[in-house]
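Work through the exercises below with the sequence and the 3D view open. Try each task before reading its solution.

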Amino acid sequence: MEIPVFTVDAFTNLPFKGNPAAVCPLMHELSDELYQKIAAEMNLSETVFITTINPSDTFSTGSRFRLRWFTPTTEVNLCGHATLASAAVLFQHKKNVNPVVVFETSSGDLAVTKQSKGYVMDFPLNPPTQEDPSEFRDIIKAAVGNHPVQDVYMSDNTKKLMVRLADSCDRSVLTSLKVDPVTLQRSEKSGRVKGLIVTMKAQSEHDFYSRYFAPWNGIPEDPVTGSAHTVLGSYWSEKLGKKKMLAYQCSSRGGELELEVRDDGRINIAGQTVTILQGTITL
């Protein structure tokens, strides 16, 4: 069996930046066990499998596809960068003729629209709720040490905890954080938290910065995280009084996301992609 695979750097227009995803377009479903083995072999934060739904569709003609995302250790319910990467493979490499493709996923239907530069994803918005920092003392300490924290919010829907550094902190505080994944994972074992967002207000052309850590899902740090911005977009839109925002995730690779919080309770997340590898998995 031969399985086509593309490595796509998402949320960037430069190779080796943004967040790499492995994209496998398949004409029919494979077993969950095989999906997981391929994802472990690719060893990127996410490997995504696109399958046709209607038997008469091809990757060039179809407008609806099924999408599943796997980290090296587990399947996840929502992944932004791999969705962006999947759209890029369909539009750029499979020459899909539709202006919009819709992915059926465990988070519902996700539409992606082709733009002159990059793609816009129609994602659910996940508004977080404010929490008492003392309830998360250990995990906050493991992530940001003794740096001052302004807000702690939780998105139970996505199991993402958001920690906002105080405005007195410089961007270098966020970029220089050394977060040990083992210590972080040990600091929270209740199962309530599966991902940690550290964010701060930006003093630049960007509205806010963030980093994202998910050792609970086998990802020490994710370079650029679309799903985290379904939480961040909601929080910062309210704090800044803005619907449209430009976000920068300042991992070592770095990536930029254009956000628009919509009145219908969803969020548009836009970004560009670069394909750096094309090949075949032979089984």
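**Exercise 1: D151**

D151 lies in strand β10 (residues 149-155), where helices (H or I, at least four residues) and strands (E, at least two) are DSSP runs numbered from the N terminus. The model is predicted, so local features need pLDDT of at least 70 and side-chain atom pairs count only at pLDDT 80 or more, while totals for chains, interfaces and linings use all residues. Residues are numbered from 1 along each chain as its sequence is written, and side-chain values use heavy atoms, with hydrogens and water left out.

Task: is D151 buried or exposed, and which residues does D151 touch?

Step 1. The relative accessible area of D151 is 9%. Buried means under 20%, exposed over 50%, and partly exposed in between (1.4 Å probe, protein chains only). D151 is therefore buried.

Step 2. Not counting residues up to four places away in sequence, D151 touches Q130, M162, V163, R164, Y235 and K239; contact means heavy atoms within 4.5 Å.

Step 3. With one of these, Q130, the side chain of D151 makes a polar contact, side chain to side chain, at 3.4 Å. A polar contact is a pair of N or O atoms within 3.5 Å; within protein, one must be able to donate a hydrogen and the other to accept it, and residues adjacent in sequence count only if both atoms are side-chain atoms.

**Exercise 2: T7 and L277**

Task: in which strands are T7 and L277, and how does each class by accessibility?

Step 1. T7 is in strand β1 (residues 2-10), and L277 is in strand β18 (residues 273-282).

Step 2. T7 has 10% relative accessibility, so T7 counts as buried. L277 has 42%, so L277 counts as partly exposed.

Step 3. Beyond four places in sequence, the residues that T7 touches are P20, A21, L44, V274, T275, I276 and L277.

**Exercise 3: strand β12**

Task: how many residues of β12 are buried, and in which sense does β12 pair with β11 and with β13?

Step 1. Six of the seven residues of β12 (residues 195-201) are buried, so β12 is largely enclosed by the rest of the structure.

Step 2. Strands pair if DSSP finds at least two bridges between them. With β11 (residues 160-165), β12 pairs in the parallel sense over five bridges; L161 stands opposite L196 in β12.

Step 3. With β13 (residues 208-214), β12 runs antiparallel, joined by six bridges. The partner of M200 in β13 is Y209. The two strands, β12 and β13, form a hairpin with six residues between them.
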